[in-house]
Amino acid sequence: QEVAHHEALLEQRLAAAARETAEATAADRRVHEVELAQLRQVTEATLSAKDRQHAEQVKRLEALHREQCAAYGVLQQQGGALSKLATDVGRTAEGLVVLREKMEQDLWKTVLKGEAAMLEKEGALNEVQAQREKLWAEREALVAAMRSELDAEQQRMAAAWRSGRTEWEAMQAEHNELRSQLAQRAVEIDALQQRVVAEMAGGGGPPPGGGPPR
């Protein structure tokens with residue numbers, strides 16, 4: 001009964017440990033999923049802001065370019081400094097190209113940083129999962145060792161019980177034999193007393209030798 005009780009307690013602890021491990025893993029996964037969702041929202045918001053900023057700068061540069069083109073047209077019509085205006089227009093176009101390349105680089109940097117952060121979060125989640133699986137394996141090994149010890153203890157208790165039962169049966173047999181011998185002695189003593197009484201009653205006294213016959 002004690003071994004069965006220990007086994008029941010062990011099974012309850014294993015079930016509780018399994019539930020705790022599953023709940024902890026689910027909680028960690030939910031936390032990491034929330035963090036990944038928040039990081040994804042921040043990345044999307046950053047990209048959207050970069051896109052809006054880029055669009056606004058492009059619009060401003062386009063408006064400036066249109067103004068410069070209009071001025072160039074006016075100067076052309078008026079016969080002004082055509083070469084200077086053409087140079088300014090070319091510089092404006094080059095600046096627009098450089099700005100666009102820079103904004104694209106910044107945008108890619110932001111995207112790569114967001115992806116790196118997401119990968120880092122996923123790696124941390126995988127590491128936590130691996131650690132929990134390792135702890136579960138160690139717990140399983142410990143449970144197996146405890147069961148082994150419990151089985152060995154059960155076998156030792158069974159052997160001790162068999163040995164004690166054998167000794168008890170031997171003592172019972174010895175006791176019964178002793179009781180049988182005592183009963184036999186009592187019968188012999190009773191018969192000897194009756195014979196002595198009969199001899200004393202028939203001879204008027206004890207026989208020579210000072211005692212009852214042996």
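Student: Why does R156 count as partly exposed in this structure?
Tutor: In this predicted model, R156 has 49% relative accessibility. Partly exposed lies between the limits of under 20% for buried and over 50% for exposed, so R156 counts as partly exposed.

Student: What makes the contact between E153 and R156 a salt bridge?
Tutor: Their side chains meet at 2.4 Å, N to O. The criterion is a Lys or Arg nitrogen within 4 Å of a carboxyl oxygen of Asp or Glu, and therefore the pair qualifies as a salt bridge. E153 and R156 both lie in helix 2 (residues 82-203), three residues apart, about one turn of the helix.

Student: Why is E153 called partly exposed?
Tutor: The relative accessible area of E153 is 33%. This value falls between 20% and 50%, so the term partly exposed applies.

Student: How do you know that E188 forms a salt bridge with R185?
Tutor: The closest N and O atoms of E188 and R185 are 3.7 Å apart. The cut-off is within 4 Å, so the pair is a salt bridge. Both residues belong to helix 2, three residues apart.

Student: Is R185 buried or exposed, and why?
Tutor: R185 has 55% relative accessibility. Exposed requires over 50%, so R185 counts as exposed.

Student: What makes E169 and R165 a salt bridge?
Tutor: The side chains of E169 and R165 meet at 3.5 Å, N to O. E169 and R165 lie four residues apart in helix 2.

Terms used: Residues numbered from 1 in each chain as written. Predicted model: local features only at pLDDT ≥ 70, side-chain atom pairs only at ≥ 80, totals over all residues. Heavy atoms only, no water. Helix = DSSP H or I, 4+ residues; strand = E, 2+ residues; numbered from the N terminus. Buried < 20%, exposed > 50% of the residue type's maximum accessible area, 1.4 Å probe, protein only.
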